[in-house]
Amino acid sequence: MSYVFAPQTIPSLAIEGESARFPIRRVFCVGRNYSEHAREMGHDPDREPPFFFMKPADAVVPASGVIAYPPLTQDLHHEIELVVAIGEGGTDIDPDDALAHVWGYGVGLDLTRRDIQAQAKKLGRPWDWAKGFDESAPCTALRRATALGHPQSGAIWLKVNDVERQRGDLADQIWSVPDVISHVSRSVELKAGDLIFTGTPAGVGPLVAGDRVSAGIEGIATFELTIG
Ligand code: MN
């Protein structure tokens, strides 16, 4: 195989306590997966099946250091989320079998240009420009499910400049991790390396340059980063 120019490096995430890295294939994100967040965005959480959007694999960056404030927005929002890393692909995965497809877990930020998203909703346009910009998916190092297990509860929280903005519990997810995996796999073939951002609890809000974000999920990981 020859290419007309050198292909890009495969995007990847660090793995806690290991030198090998987790190669990223695609990034799926669940739209609204905590009731209180659905309500704060003006939707009835009891009426909707799960829905999905995507980010480019190279939007994933380490959740540390400085994350660039993106162009085209005056309203960059934080969304703290459990990230599921798929290790074994499949189609039409039954929820009862879904956890066997999980390689591990991390904690990520679904950064959102909320003003662009609001405009897209109003005009019936795609969400891509609101969600899939550069560095829009900071994520911690992953932890293996073989060591961690499969957390089904635990506090999920986010602070900006030490003031708490978001708090929820994984147990409050409308669609559990097995349900989410099953739904994605009935739409596309899941493959090893796929990441799934599983939605955010209530309390999303704006970030400005210089803000220090600290966040985490009990028993999985914490992180701290600064908005550039
Ligand atoms: Mn989200």
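1. Accessible areas here come from the Shrake-Rupley method with a 1.4 Å probe, and for residues only the protein chains shown count as cover. On that basis the protein exposes about 10800 Å², of which carbon and sulfur atoms supply 51%.

2. This is a predicted model, in which local features need pLDDT of at least 70 and side-chain atom pairs count only at pLDDT 80 or more, while totals for chains, interfaces and linings use all residues. Residues are numbered from 1 along each chain as its sequence is written, and side-chain values use heavy atoms, with hydrogens and water left out.

3. On overall form, the radius of gyration (taken over C-alpha atoms) is set against a globule rule of 2.2 Å times the number of residues to the power 0.38. The protein has 17 Å, which agrees with the value near 17 Å that a compact globule of 228 residues would have. Along the principal axes, its C-alpha atoms fill a box of roughly 45 × 40 × 35 Å.

4. Taking contact to mean heavy atoms within 4.5 Å, residues 24 or more positions apart account for 76% of the contacts in the protein with a separation of 6 or more. Buried residues (under 20% relative accessible area, with exposed being over 50% and partly exposed in between) make up 50% of the 228 residues.

5. Helices (H or I, at least four residues) and strands (E, at least two) are DSSP runs, numbered from the N terminus, and the protein has 5 helices and 18 strands. Two strands pair if DSSP finds at least two bridges between them. An open antiparallel sheet of 3 strands has the order S10-S7-S16, and its edge strands, S10 (112-113) and S16 (205-207), each pair on one side only. Strand S7 (residues 76-78) is joined to S16 by 3 antiparallel bridges, with Gly-205 in S16 as the bridge partner of His-78.

6. Strand S9 (residues 102-109) has 8 of its 8 residues buried. Strand S8 (residues 80-86) runs antiparallel to S9 and is joined to it by 7 bridges, with Ile-86 opposite Val-102. Strand S12 (residues 143-144) is likewise antiparallel to S9, through 2 bridges, and here Tyr-105 stands opposite Arg-143.

7. Which residues hold the manganese ion as protein donors? Counting as donors N, O and S atoms within 2.8 Å of the metal (3.2 Å for Na, K and Ca), they are Glu-79 (OE), Glu-81 (OE) and Asp-110 (OD), at 2.0 to 2.1 Å. Their spacing in sequence is E-x1-E-x28-D. Glu-79 counts as buried because its relative accessibility is 3%, and Glu-81 is buried at 0%. Water is not among the atoms, so sites may look incomplete.

Methods. Buried means under 20% relative accessible area, exposed over 50%, partly exposed in between (1.4 Å probe, protein chains only).
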